[in-house]
Amino acid sequence: MNMTSQQLYLILGMAVVTYLPRLLPILLLSNRELPEKFVKWMSFIPVSIFAALIFSDIFFWEREFNLNPLNNLKLVPAMLVFFVAYKTKNIMWSIVFGVAGIALMIWFFQ
């Protein structure tokens, strides 16, 4: 595979653009005392991103918004995962129950 110089510059540019937003906050905030509210607010970002990623996938079945558990096979495992996550507060158990629930629902109903 031959790579042109334009492709190489494009890859290097994407690497710089991806790396800078991660490096700049570290350089600017590493020696500063952050307010407790800000630190607490930042702790919710991973959970929020994860929720945003999975909610659209759960509630849309076959390209339509669907809240019927009989038609949307992802709803029942999602409810099980929410319950497991709430009770255990363990993301690994939540992932295991989610994957197993989706596999069982697809195996039994499709």
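**Close-up views of a predicted model**

**View 1. Lysine 89, in the loop between α4 and α5.** Lysine 89 counts as exposed, because its relative accessibility is 65% and the exposed class begins over 50%. The model shown here and in the views below is predicted. The phi angle of lysine 89 is positive, at about 55°, although the residue is not a glycine.

**View 2. Helix α4, residues 75-88.** This helix has 14 residues. From the first C-alpha to the last, α4 reaches 20 Å, close to the 20 Å expected at 1.5 Å a residue. Which residues of α4 are buried? They are Leu75, Pro77, Ala78, Val81 and Val84. An α-helix has 3.6 residues a turn, so residues three or four places apart point the same way. The cover over the buried residues of α4 includes α3 (45-59) and α5 (91-109).

**View 3. The salt bridge between aspartate 57 and lysine 74.** How many salt bridges does the structure hold? It holds one. The side chains of aspartate 57 and lysine 74 meet in a salt bridge, with 3.1 Å from N to O. The two partners are 17 residues apart and link distant parts of the chain: aspartate 57 belongs to helix α3, and lysine 74 to the loop between β2 and α4. Is lysine 74 buried or exposed? Lysine 74 is buried, because its relative accessible area is 18% and the buried class takes values under 20%. Aspartate 57 is partly exposed, because its relative accessibility is 45%, a value between the limits of 20% and 50%.

View 4. Which residues does lysine 74 contact, leaving aside its neighbours within four places in sequence? They are Asp57, Ile58, Phe60, Trp61 and Ile102. Asp57 is also the salt-bridge partner of lysine 74. Leucine 23 is 51 residues from lysine 74 along the chain, and the C-alpha atoms of the two are separated by 38 Å.

**View 5. The aromatic pair of phenylalanine 55 and phenylalanine 82.** The structure holds seven aromatic pairs. One of them is formed by phenylalanine 55 and phenylalanine 82, and it is edge-to-face. The ring centres are 6.0 Å apart, with 90° between the planes. This pair links distant parts of the chain, with phenylalanine 55 in helix α3 and phenylalanine 82 in helix α4, 27 residues apart. Phenylalanine 55 counts as partly exposed because its relative accessibility is 37%. Phenylalanine 82 is also partly exposed, with a relative accessible area of 39%.

**View 6. The aromatic pair of phenylalanine 59 and phenylalanine 65.** Phenylalanine 59 and phenylalanine 65 form an aromatic pair that is tilted, with 40° between the planes and 6.2 Å centre to centre. Phenylalanine 59 has a relative accessibility of 23% and so counts as partly exposed. Phenylalanine 65 has a relative accessible area of 52% and is therefore exposed. Which residues form the aromatic cluster? Phe55, Phe59, Phe60, Phe65 and Phe82 form one cluster. Phe60, a member of this cluster, is among the contacts of lysine 74.

**View 7. A nonpolar surface patch of about 990 Å².** The patch is made by Val16, Leu20, Leu24, Leu27, Leu28, Leu29, Leu34, Phe38, Val39, Trp41 and Met42. Two or more residues of the patch come from each of α1 (5-29) and α2 (36-43). Which element gives the most to the patch? It is α1, with six residues. Methionine 42, one of the patch residues, is found in helix α2. Methionine 42 counts as partly exposed because its relative accessibility is 38%, which lies between 20% and 50%.

Notes:
Residues numbered from 1 in each chain as written. Predicted model: local features only at pLDDT ≥ 70, side-chain atom pairs only at ≥ 80, totals over all residues. Heavy atoms only, no water. Helix = DSSP H or I, 4+ residues; strand = E, 2+ residues; numbered from the N terminus. Expected span 1.5 Å × (residues − 1). Buried < 20%, exposed > 50% of the residue type's maximum accessible area, 1.4 Å probe, protein only. Contact = heavy atoms within 4.5 Å. Patch = residues over 30% accessible without salt bridge, like charges linked within 9 Å, V, L, I, M, F, W, Y side chains within 5 Å. Areas by Shrake-Rupley, 256 points an atom, 1.4 Å probe, with all protein chains shown as cover. Salt bridge = Lys/Arg side-chain N within 4 Å of Asp/Glu carboxyl O. Phe/Tyr/Trp six-rings, centres within 6.5 Å; stacked < 30°, edge-to-face > 60°.
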